[in-house]
Structure formats: C-alpha cells, structure tokens
Amino acid sequence: MSALDEPLKKILGGTTAKVMAEQLGLNTVGDLLHHYPRRYAERGELTRLSDLPLDEHVTVVARVADARVLKFNNGRGQRLEVTLTDGSGRLQLVFFGKGIHKPHKELLPGRRAMFAGKVSVFNRKLQLAHPEYALLDGEDGEEAVDAFAGRLMPIYPACQQMASWKIAKAVDAVLPSAREALDPLPEALRAGRALLPLPEALEKVHRPRTKADIEDARSRLKWDEAFVLQVALARRRMAETQLPATPRPLTPGGLLDAFDAKLPFTLTEGQQKVSREIFDDLATDHPMHRLLQGEVGSGKTLVALRAMLAVVDTGGQAAMLAPTEVLAQQHHRSITEMMGELAEGGMLGGAEQGTKVVLLTGSMGAAARRQALLDLVTGEAGIVIGTHALIEDKVQFHDLGLVVVDEQHRFGVEQRDALRGKGKQPPHLLVMTATPIPRTVAMTVFGDLETSVLDQLPAGRSPIASHVVPAKDKPHFLARAWERVREEVEAGHQAYVVCPRIGDEEDAPKGKGAKKKSGASGGEAAAGEDKRPPLAVLEVADQLAKGPLAGLRVEVLHGRMHPDDKDTVMRRFAAGEVDVLVATTVIEVGVNVPNATAMVIMDADRFGVSQLHQLRGRVGRGSAPGLCLLVSEMPEASPARARLAAVAGTLDGFELSRIDLEQRREGDVLGQAQSGARTSLRMLAVIEDEQVIEAAREEATAVVTTDPELTGYPELRTALQALLDAEREQYLDKG
C-alpha cells in the first residue's frame with residue numbers, strides 16, 4: 001500500500017480524522033495532500049477587519065484592544081467581550097459561561113493572536129462568537145513569531161469544526177509522505193514543459209517560501225488534473241471509434257424528403273451545416289457522438305428530427321430522451337405537429353411512407369404503455385419520445401439506430417450507456433443542450449463528444465427586451481411591470497410569471513404578513529424580514545388574481561401537480577385559454593407558445609445566469625417582440641444585481657455562460673454536468689486555464705494514440721484508475 005493510501009486516522013488520531021472525513025470528505029493521506037490552500041496570507045494580511053464578509057468563516061490576525069467581563073441575567077450569567085483591532089477596523093469577540101476563563105487569562109490588551117470563526121452581527125456590530133484562537137507572541141518564544149512572520153500562511157478551505165490552522169497542522173504531519181507520490185505525467189512531457197516533479201509541487205503548494213513557489217506548484221498541479229482527465233477522455237474517444245455501428249446513409253425519396261417538402265420555411269444556413277455534419281456521421285460504421293449546442297429557439301429540435309427521420313428511412317428506430325415528463329410530452333406534441341400525417345404511419349389517413357411516433361413516460365396508464373412497448377418491439381414505431389422510463393429493462397427496440405438526448409447535463413454517462421445497450425449494435429448518439437457551453441468547458445466536460453453549434457436564430461424570431469425591476473428601491477416600477485403584462489394581454493398576447501418556489505410546503509414559513517408585503521403588489525418588506533423565503537407560485541398567483549391582474553385568466557403550473565393536470569394547463573395555455581401562467585422553472589426547457597410575449601421573473605436574483613437566459617427564451621418565439629422583466633429586491637450595488645444587469649444587457653448565451661462561470665466558478669456548473677470526476681478539478685479553473693486544457697488535450701491524444709493501453713505509463717494508469725473510480729461512484733449515485 002503506498003503511503004498516500006494510508007488512512008488519516010492512523011496518522012492524525014480518530015477524532016480529527018472523523019471530522020476531516022465527515023466535513024471535508026478527506027479520508028487518506030493523498031486526499032489531504034490534494035486539499036490545497038485556497039489562498040495564502042502574509043503576516044497580518046489575512047482578512048482585514050474592515051472587509052469582513054458576513055456569515056463566512058474567516059481567519060484574522062489582530063491585537064487585543066480591550067477585554068471586559070459583563071454580567072447578565074441578574075448576575076447569574078457572565079460573558080467576556082474582547083475588542084480587536086488590526087489598524088483597518090475593529091471586531092468584537094464574545095465568549096459565554098465557562099468558556100470565558102481561558103481567553104480571559106490569555107487575551108490581554110496588547111496581545112496579538114490569530115482568530116478564526118464565523119462572522120455574525122449583534123447590535124449592528126460585527127462579532128465572532130467563541131472563536132478559536134492561537135497566540136502569536138510572548139508565550140511561544142521567538143520562533144513562532146518568526147515562522148509566522150516570515151512564511152506565507154496557507155489558508156485552507158475549512159469548516160466550523162476544523163479551523164484552517166488545524167488543517168495546516170494535519171498537513172505538516174502528512175507532508176513527508178508527499179515524497180512517495182507517484183508522478184502521473186510522462187517524464188518527457190514534464191521535462192518538455194519545465195514542470196516541477198509532483199513531490200516538490202505538493203511540498204511547495206502547502207509550504208511555499210516565496211510567491212514564485214506557489215506559481216510553480218500551481219501550474220504543475222493544474223497540469224496533472226487537466227492531463228489525467230484528458231487522457232480519460234481521449235481513451236473514451238478512442239474506444240468509441242473501435243465500436244461497430246450500423247451506417248445510416250441518406251435514403252432519397254423517403255420520409256426525410258417528404259418531411260422537407262412540406263416544411264413551410266427554409267432551413268437557416270446553420271441548420272443546414274449542422275445537419276450535414278450529422279448526416280456524415282450517421283453514414284459511418286462507428287457510432288456518431290455529437291453534442292449539438294444551440295441557443296434557445298435556434299431550431300435544435302428540427303435538426304434532431306431530421307436526423308431521426310434519416311435513420312427511420314434506413315429501417316432503424318430513433319429514441320429521444322427528455323429530462324422531464326412535461327418536456328417529453330411537449331416534444332411529442334411538437335414533433336407530431338411538425339410531421340402531420342407523416343406521424344401516422346399504419347393508421348387510417350396516415351401517409352404512405354409515414355411512421356408511428358410514440359410517447360413513453362412513467363405516469364402513462366398500463367394499456368397505453370403496453371401498446372407503446374409493443375410498437376417499439378415490432379418496429380411499428382419509428383420514433384419514440386420519453387423520459388428515463390426509456391432506459392428501463394422492459395423496453396425493447398426492434399432496431400435502435402439513433403439516440404437523441406435533450407438537455408445533456410441532466411443525464412449521466414451511465415444512462416447514456418444504458419440506452420446505448422438497447423441497440424443490436426451501439427446506436428448513434430446526438431446530445432442537445434440549450435445551455436451554451438464555453439469551448440473549454442465543452443472540451444473538459446463533453447470531451448468525448450464532437451461539437452456542433454447552432455448560433456443563428458430562425459427567420460421571423462423577434463428580439464427580446466430585458467429590464468431589471470428593482471422592487472425595493474422603486475416599488476412603482478413593479479406596479480408598472482404588472483401594467484405592461486395587462487397591456488400585452490389586451491393586445492391579444494399571453495405572459496408567464498416565474499417564481500422560485502411552489503408554496504405548498506408542509507412547514508409554511510413564519511411571518512406570512514411580512515412576506516405578503518414584499519409580494520406581487522410591491523410594497524416594502526417588513527423591517528427585520530431580511531431573509532424572507534423566496535416568493536411562491538401559489539401565493540403570487542393568488543395575489544395577482546385578486547390584485548394587479550384581477551379579471552385576467554391566471555393559472556398555475558408546477559412540478560408537484562399530477563402529470564395530467566400539468567398537461568391540461570399547458571394545452572390550455574398553448575391554445576390561448578389562459579392569459580397568465582404563474583409557474584416554477586418547469587417551463588425552463590422546451591415550452592413553446594409563440595403567442596407568449598412577456599415574462600416576469602420574481603426574485604430573479606435566486607436564479608443562475610444560464611437559468612434566467614433559458615427562461616427568457618420562452619418568450620418572443622413568434623413574430624411579436626418579447627419582453628422579460630427581472631424583479632429583484634437586492635440593493636443596487638450587490639453582486640446579484642450585477643448578474644441581473646448582465647443578463648438584461650445581452651442576448652448572447654455564450655457571453656452569459658462565461659460570466660456565469662466566472663462568477664460561480666466551475667464547481668456548480670460542472671457539478672450538474674455529468675460526473676463527479678469534475679470535482680477532481682481542485683486547481684484547474686476551466687475558463688482561465690484554457691491554454692493548459694488545450695495543450696493537455698493534445699498531449700493526451702498523442703500518448704493514447706501511440707499507447708492506448710498506457711503500458712509504458714504505469715503511474716498514469718494508477719492516477720487514471722483513481723480518477724475513474726471516483727467517477728464511477730459518482731455516476732452510480734447520479735443514475
């Protein structure tokens with residue numbers, strides 16, 4: 001067993017190891033060595049007292065200005081209040097009960113110490129309650145001060161039970177093992193790019209003597225992550241090209257030609273180009289693996305449908321997977337509408353060369369489900385659209401030739417593989433996403449797919465105007481927003497109102513009155529109600545129907561409704577029998593109602609940038625211009641408002657996805673991607689490290705091409721094993 005696989009409890013003792021495992025997910029020496037410092041502090045330069053963030057764990061170095069014991073509760077209770085200063089600001093510490101004796105003896109005016117705790121506010125002053133502290137002068141002799149003064153202090157991602165310097169102490173205990181770290185980078189690559197050996201990089205990242213040490217260590221550790229990940233992807237791509245697939249060349253005079261002939265419009269250049277790429281892939285004898293990225297409304301479904309028809313023409317079947325039932329039903333509806341009589345193969349009045357298009361979801365009745373399954377086995381149904389239900393064991397295909405996955409980031413790789421196993425030979429795969437993915441992320445997350453991008457909107461689409469509505473600073477703006485909704489409805493159009501919450505939760509939040517005031521009518525939130533719960537569909541719909549939108553037909557739609565009820569509401573909205581739909585984000589993907597021109601997003605600051613962009617894509621789908629109003633009570637200077645301003649400022653999804661990533665870092669974005677291996681990106685920042693990722697991809701492809709089994713690279717194989725083990729576990733969780 002290598003030193004890096006040693007369990008931490010052998011070295012650190014049970015209690016510390018338990019906290020590290022439970023709170024930070026660190027179990028072995030290797031895990032701890034790869035728990036890199038978040039940043040480094042120079043003496044006294046930790047968080048300055050003047051810049052303390054609320055509700056965050058901070059580490060500060062400061063001097064005690066004064067300390068006093070106060071009695072309360074008629075003298076029965078006592079608390080110690082200590083005031084700190086670091087020249088930039090002041091901070092209060094407070095200790096209660098028996099906990100005051102030690103700090104009372106040690107924290108005397110003039111002493112310097114390092115303090116860690118969570119910043120809270122009491123009586124309008126910032127304070128740390130019961131912080132952990134380490135004295136920095138006097139008692140411990142000169143060397144402690146020197147060590148502290150001369151060193152760059154690593155500040156580790158910490159948690160309440162384990163302050164940064166406790167982690168630093170634990171790292172000291174395991175650092176000698178770093179010398180035994182296996183180096184996954186091939187020697188030639190490391191030398192060629194002048195990168196540090198791994199043991200040295202680990203040493204320098206944890207205990208740097210200079211800023212240059214940190215830089216060198218980081219660039220080496222980034223390479224590890226990028227390279228091992230790209231090798232995994234390169235091997236995956238290589239394995240895919242070895243798989244056999246049934247070629248599906250274009251068949252003239254078939255279903256596709258009949259469909260194209262009845263299209264009432266011409267395809268955009270982008271659609272034609274992407275279709276050609278797809279048809280070329282389908283004609284080869286190994287499986288297509290293509291990611292189709294397209295802005296909301298760029299016509300991805302049409303491109304996918306043409307690919308499906310091409311496969312049906314060769315006698316194969318095509319399956320389309322959607323993340324939710326609402327979406328599967330919508331795809332089914334829009335595809336059967338687009339195909340008309342071509343979707344009624346084998347039925348009276350159906351076209352000669354038509355095929356059946358069936359829907360398969362979890363909530364279907366038994367009889368309908370039996371019929372759908374039968375149509376798939378016999379090959380009667382050329383196209384099936386469904387949810388995860390398609391992956392179940394019971395579902396058998398006659399000859400599955402193409403799988404189309406909508407909104408890839410909600411499907412794990414395991415699930416793609418399960419569906420792939422349904423074909424006699426691996427089917428071709430087309431993955432669609434409307435979340436624009438910057439190129440580097442596409443190379444990292446979807447590195448095993450070729451990418452096509454649809455970036456022009458079809459003719460006849462209208463631009464969408466977006467505005468931020470500051471409900472708290474300017475309540476009359478919100479009143480005006482509801483007037484605008486009324487105007488749209490009076491002009492014969494429809495509107496969406498989106499809320500972050502449903503509102504039928506069991507534990508109804510306290511302080512109803514306060515929340516009502518900050519609801520749809522736009523009054524101030526009651527004082528002291530800083531953290532009111534997010535606005536809810538059911539309450540907002542009720543307020544609107546009685547208040548600003550009285551007299552209009554207002555209905556609700558959310559995820560907890562029965563699928564049939566959801567479908568009924570959507571059908572009625574699509575048919576124009578509902579004026580205003582108050583919904584959760586169930587409408588985020590795929591809802592297509594060209595007559596809906598306005599959208600009001602309540603508490604818009606509670607949604608991510610890409611999500612707002614997706615939601616906004618639901619309006620302006622017809623010839624009338626769209627309007628999107630982002631309502632927020634956040635103050636003007638807040639980062640949340642800056643995010644909203646960015647969304648209002650551009651309709652370019654790629655630009656927004658970049659902003660989104662820069663703000664949220666990739667953890668969240670990739671976390672919902674497809675597998676946990678991305679959590680292994682501790683050092684790599686997908687946007688900033690574009691060059692590293694590209695270079696690593698080239699190097700990885702070269703290594704895998706010459707030595708697919710990596711026989712010459714045992715250390716790289718071990719690192720890959722470790723990455724893929726973690727990855728497999730994550731897939732299985734996701735599945």
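Which residues of β17 lie on one side and which on the other, and are they buried or exposed? Keep that in mind as you click along. This is a predicted model, where local features need pLDDT of at least 70, side-chain atom pairs count only at pLDDT 80 or more, and totals for chains, interfaces and linings use all residues. Residues are numbered from 1 along each chain as its sequence is written, and side-chain values use heavy atoms, leaving out hydrogens and water.

**Stop one: the strand**

Select residues 494-498, strand β17. (Strands are DSSP runs of E, at least two residues, and helices are runs of H or I, at least four, numbered from the N terminus.) Gln-494, Tyr-496 and Val-498 are on one side, Ala-495 and Val-497 on the other, and all are buried, meaning under 20% relative accessible area with a 1.4 Å probe, protein chains only. With 5 of its 5 residues buried, β17 is therefore largely enclosed by the rest of the structure.

**Stop two: its partners**

Pairing takes at least two DSSP bridges between the strands. Find Tyr-496: Met-599 of β20 stands opposite.

**Stop three: two helices**

Jump to α11 (residues 269-282) and α12 (residues 300-313), whose axes come within 10 Å and cross at roughly 30°. Axes are lines fitted to C-alpha atoms over the stretch in contact, with angles from 0 to 180 degrees between N-to-C directions. Show side chains for the contact (heavy atoms within 4.5 Å): among them are Phe-279 of α11 and Arg-306 of α12.

Technical notes. Buried < 20%, exposed > 50% of the residue type's maximum accessible area, 1.4 Å probe, protein only.
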